[in-house]
Amino acid sequence: MIEITNLVKTFGQIKAVDNISFQVKQGEVLGFLGPNGAGKTTTMKMITGFYEPTDGQITVGGLDVVKNSLATRRQIGYLPETVPLYDDMKVYEYLKFVAEIRDLPQDKFLPRLREVVEKCGLQKVVGKNIDELSKGYRQRVGLAQAIMHDPEILILDEPTTGLDPNQIIEIRELIKQIGKEKTVLFSTHILAEAQATCDRIIIINKGEIVGEGKPAELMSQFGGPAEFYLKIKAPESQALAYFKTLPGIDAAKQQDKESDDIVGYSLLSAEPEAREKIALAMLKQGWPILEFRQAQASLEEVFRELTK
Amino acid sequence: MIKRDPHYIRTIYILFKKELAAYFNSPIAYIFIGAFLVVGNWLFFKNFFLLGQASLRGYFVLLPWLFMFLAPALTMRLWAEEKKMGTIEFLLTLPITNWQAVLAKFFSAVAFLAITLGLTLSLPLSVARLGSLDFGPVIGSYVGAILLGGAYLALGLFVSSLTRNQIIAFILALAACFLLFIVGEDFVISGIPKALVPVAQFVGLGQRFANIARGVIDSRDFIYYASLIWFWLWLNVKALEGRKWQ
């Protein structure tokens, strides 16, 4: 649906996007992941036709975004990072303007408005001035604007920044729901979000793609050893020595101490079934497990590794 | 540039409605209209009774100077605010051309100026009660005033697209309008190289408007204003095409 080949964008001396290529397939939710300033926003601005690429090509639905700008823009719904809205308009006035300029037939406006308002949870604010809205509601109005004309492609630039946890979950659900039928490209720097909502992830850093794949693929491809935290009741002198003999454990060290025989350890293991092995070993030794958890989400490790 | 599209005008009209509504939502425009009417009427009537002639010529001589402030005030917001609020990114990723966006903003400003001018119609009506007023030149002068205002507005709109600060847009547009007005005046003509004299005489708004104040418009004036307006709008479109700001 979206095809990007050798895309480059420079601002004066600065290379914001450096020769990236990727595709977004129809009906896919693609997460665009990267630290701030990695080139995510610039790439999105080029796809939506706000910036012209310095070099390379973008096609949307088979059409070049520079040569057929209007046709490609019609297929896209876009929520920019800053959520720009016309503050002097009322919510429904704004959505009406969007529907008109997007050529939505007049008789379809009201049913569509109702649908969008319900989807985005705007029932309470449709009659309000936009400048009276909270950050969360602004975000939702921005989203409503992007889906108003029922576009085939949705491009969302950090749609959950500045929202509270409940709102974040709502927006994620909405993205998932829309992603069932439509193509969605959304950027974020929150890993859990990408993991929770995306079919596929692209990690970008300093204008280049550094990782690409399904969340699980990325983890097995780039993920180093997972770190576990284990608190057991065992004689201190024996435990550490025993961990070193355990197959699959790459490193073990003491992390904290509750009392003489209750000690927390940090274990590193690259094995996929490390958790089971550790648990069974502890049972065999007769050492009760008091706490046991994975110290870090693996994707986070991948991300740190790739964007160092 | 302008492509054949059955919805071309309709799209401009939808944008135009939004822009015009924005004027009526903003207090600044009303303040400037109020000031324009008060100052204009006061300056006009100050001399009107001394001259004792039932003519509006005195008013139309003032108009270029009043418009010099009013037009930049009406255009300063148009692009600068979109840039500052980031809404320009929303606007220019809609399926509209840069020309459509520029024309819609330009015509909304012209429409608002025309409404303001409409409020000055009380002048010819009251003067006509005081003496016998020849309405021919008055109508000619009003048409000319719209053309002059259009030229100022197109210039102001272009200037607004260069900055995200409304105050800077206002001051720069004011200075630019002033230059455009005086460039054909005698004291400028006598100071510039000979080769540039015909250009300055052609471009200068001041001399041109002297005709209009008398209520005489010919086709050359129309061509002059139309090309001036087109030129500034074209520059505006070019400024949008070269968008590099972040």
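First, the ground rules. This is a predicted model: local features need pLDDT of at least 70, side-chain atom pairs count only at pLDDT 80 or more, and totals for chains, interfaces and linings use all residues. Residues are numbered from 1 along each chain as its sequence is written, while chains are lettered from A and ligands numbered from 1 in the order in which they are written.

Helices (H or I, at least four residues) and strands (E, at least two) are DSSP runs, numbered from the N terminus. Two strands pair if DSSP finds at least two bridges between them.

Start with chain A. Six strands make an open sheet there, in the order S6-S7-S8-S3-S9-S10, with mixed pairing. Who stands at the edges? Strand S6 (76-79) and strand S10 (208-213) of chain A do, each pairing on one side only. On average, neighbouring strands of this sheet are turned by 15° against each other, direction ignored. For angles, axes are lines fitted to C-alpha atoms, for helices over the stretch in contact, and angles run from 0 to 180 degrees between N-to-C directions.

Look at one pair in that sheet. S6(A) and strand S7 (residues 153-157) of chain A are parallel, with 4 bridges. In S7(A), A:Ile155 is the bridge partner of A:Tyr78.

Now the helices on this sheet. I will say "contact" when the C-beta atoms of two residues, placed from the backbone, lie within 7 Å. Helix H1 (residues 40-47) of chain A packs on the sheet and touches strand S3 (29-33), S7, strand S8 (183-188) and strand S9 (200-205) of chain A. The direction of H1 makes about 150° with that of S7(A). Helix H6 (residues 165-179) of chain A also packs on the sheet, touching S3, S7 and S8 of chain A. The direction of H6 makes about 150° with that of S8(A).

Next sheet, still chain A. This open sheet has 4 strands in the order S12-S13-S11-S14, and the pairing is antiparallel. Strand S12 (249-257) and strand S14 (289-294) of chain A each have a single partner strand, so one side of each is left without a neighbour in the sheet. Here neighbouring strands are turned by 20° on average, direction ignored. S12(A) and strand S13 (residues 262-269) of chain A run antiparallel, joined by 7 bridges. A:Ala251 has A:Leu268 in S13(A) as its bridge partner. Helix H10 (residues 274-285) of chain A packs on this sheet, touching strand S11 (226-233), S13 and S14 of chain A. The direction of H10 makes about 15° with that of S11(A).

Over to chain B. Helix H5 (residues 98-118) and helix H7 (residues 135-160) of chain B pack at about 140°, with axes 10 Å apart. What do we call that? Angles under 35 degrees count as roughly parallel, over 145 as roughly antiparallel, 65 to 115 as roughly perpendicular and the rest as oblique. H5(B) and H7(B) are therefore oblique to each other. Their contact has 12 nonpolar, 2 polar and 1 charged residues. By class, Ala, Val, Leu, Ile, Met, Phe, Trp, Tyr, Cys and Pro are nonpolar, Asp, Glu, Lys and Arg are charged, and the others, Gly among them, are polar.

Where do the chains meet? 20 residues of chain B are in contact with 17 residues of chain A. H1(B) gives the most to the chain B side, with 6 residues. That side has 9 nonpolar, 8 polar and 3 charged residues.

One helix pair spans the two chains. The axes of helix H3 (residues 91-101) of chain A and H1(B) come within 10 Å and cross at roughly 165°. That makes H3(A) roughly antiparallel to H1(B). A:Phe97, A:Glu100 and A:Ile101 in H3(A) meet B:Thr11, B:Ile14, B:Leu15 and B:Lys18 in H1(B).

Last, two residues. Buried means 20 or more other C-beta atoms within 10 Å of a residue's own, exposed means 12 or fewer, and partly exposed is in between, with C-beta atoms placed from the backbone. A:Arg73 sits in helix H2 (residues 69-75) of chain A. Is A:Arg73 buried or exposed? A:Arg73 is buried, because 23 other C-beta atoms lie within 10 Å. Leaving aside neighbours within four places in sequence, its contacts are A:Thr48, A:Gly49, B:Thr93, B:Leu94 and B:Pro95.

A:Glu132 lies in the loop between helix H4 (106-120) and helix H5 (135-147) of chain A. A:Glu132 counts as exposed, because it has 11 C-beta neighbours inside 10 Å.
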